[in-house]
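Thanks, everyone. Have a look at the structure on the screen, and I'll take you through it.

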Amino acid sequence: HLQQRIADGVCQVTGVALTLAGGRLFSSPSLDRVDPRKGYVSGNVRIVCHLANAAMGDWGEAVLRDVMVKWLVRS
């Protein structure tokens, strides 16, 4: 499952194309726990870009989505 999601090449939260080579970039794939309390178990993980995972780790998915929507509205 996970390998296929990485191979799909798209962040499951932002839709950003994942970069599979070149070191740690904002678009590098990162393993995210949907519910941090449940750990890295089947059904609770998704492949996201490093930028999304870092932002969600600090502020949560709701804040990331709110910022993304506001940016899209201004564009």
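Three helices and two strands make up this chain. One caution: this is a predicted model. Read from the N terminus, the order of the elements is α-β-β-α-α.

Now overall dimensions. The radius of gyration is 13 Å, close to the 11 Å that the globule rule gives for 75 residues, so the chain is as compact as a globular protein of that length. Along the principal axes, the C-alpha atoms fill a box of roughly 35 × 30 × 20 Å.

Next, helix packing. Take helix H2, residues 50-59, and helix H3, residues 61-74. Their axes are 7 Å apart, and the packing angle is about 120 degrees. Angles of 65 to 115 degrees would count as roughly perpendicular, and those over 145 as roughly antiparallel. H2 and H3 are therefore oblique to each other.

Which residues make the contact? From H2, we have Ala-52, Ala-55, Met-56 and Trp-59. From H3, we have Glu-61, Val-63 and Leu-64. By type, that is six nonpolar, no polar and one charged.

On to the largest pocket. How much space lies in it? About 190 Å³. Its lining includes Leu-31, Asp-32, Arg-33 and Val-34, then Pro-36, Tyr-40 and Arg-46. The lining divides into five nonpolar, three polar and four charged residues.

One link before I stop.

How values were computed. Residues are numbered from 1 along each chain as its sequence is written. This is a predicted model: local features need pLDDT of at least 70, side-chain atom pairs count only at pLDDT 80 or more; totals for chains, interfaces and linings use all residues. Side-chain values use heavy atoms; hydrogens and water are left out. Axes are lines fitted to C-alpha atoms, for helices over the stretch in contact, and angles run from 0 to 180 degrees between N-to-C directions. Helices (H or I, at least four residues) and strands (E, at least two) are DSSP runs, numbered from the N terminus. Angles under 35 degrees count as roughly parallel, over 145 as roughly antiparallel, 65 to 115 as roughly perpendicular and the rest as oblique. Contact means heavy atoms within 4.5 Å. Ala, Val, Leu, Ile, Met, Phe, Trp, Tyr, Cys and Pro count as nonpolar, Asp, Glu, Lys and Arg as charged, and the others, Gly among them, as polar. On a 1 Å grid over the protein atoms alone, a cavity is a set of points where a 1.4 Å probe fits but cannot get out, and a pocket is an open set with protein on both sides within 12 Å along at least five of seven lines; lining residues have an atom within 4 Å of a point. Grid points are joined across faces, edges and corners, and a volume is the space filled by probe spheres set on the points. The radius of gyration is taken over C-alpha atoms; the globule rule is 2.2 Å times the number of residues to the power 0.38.
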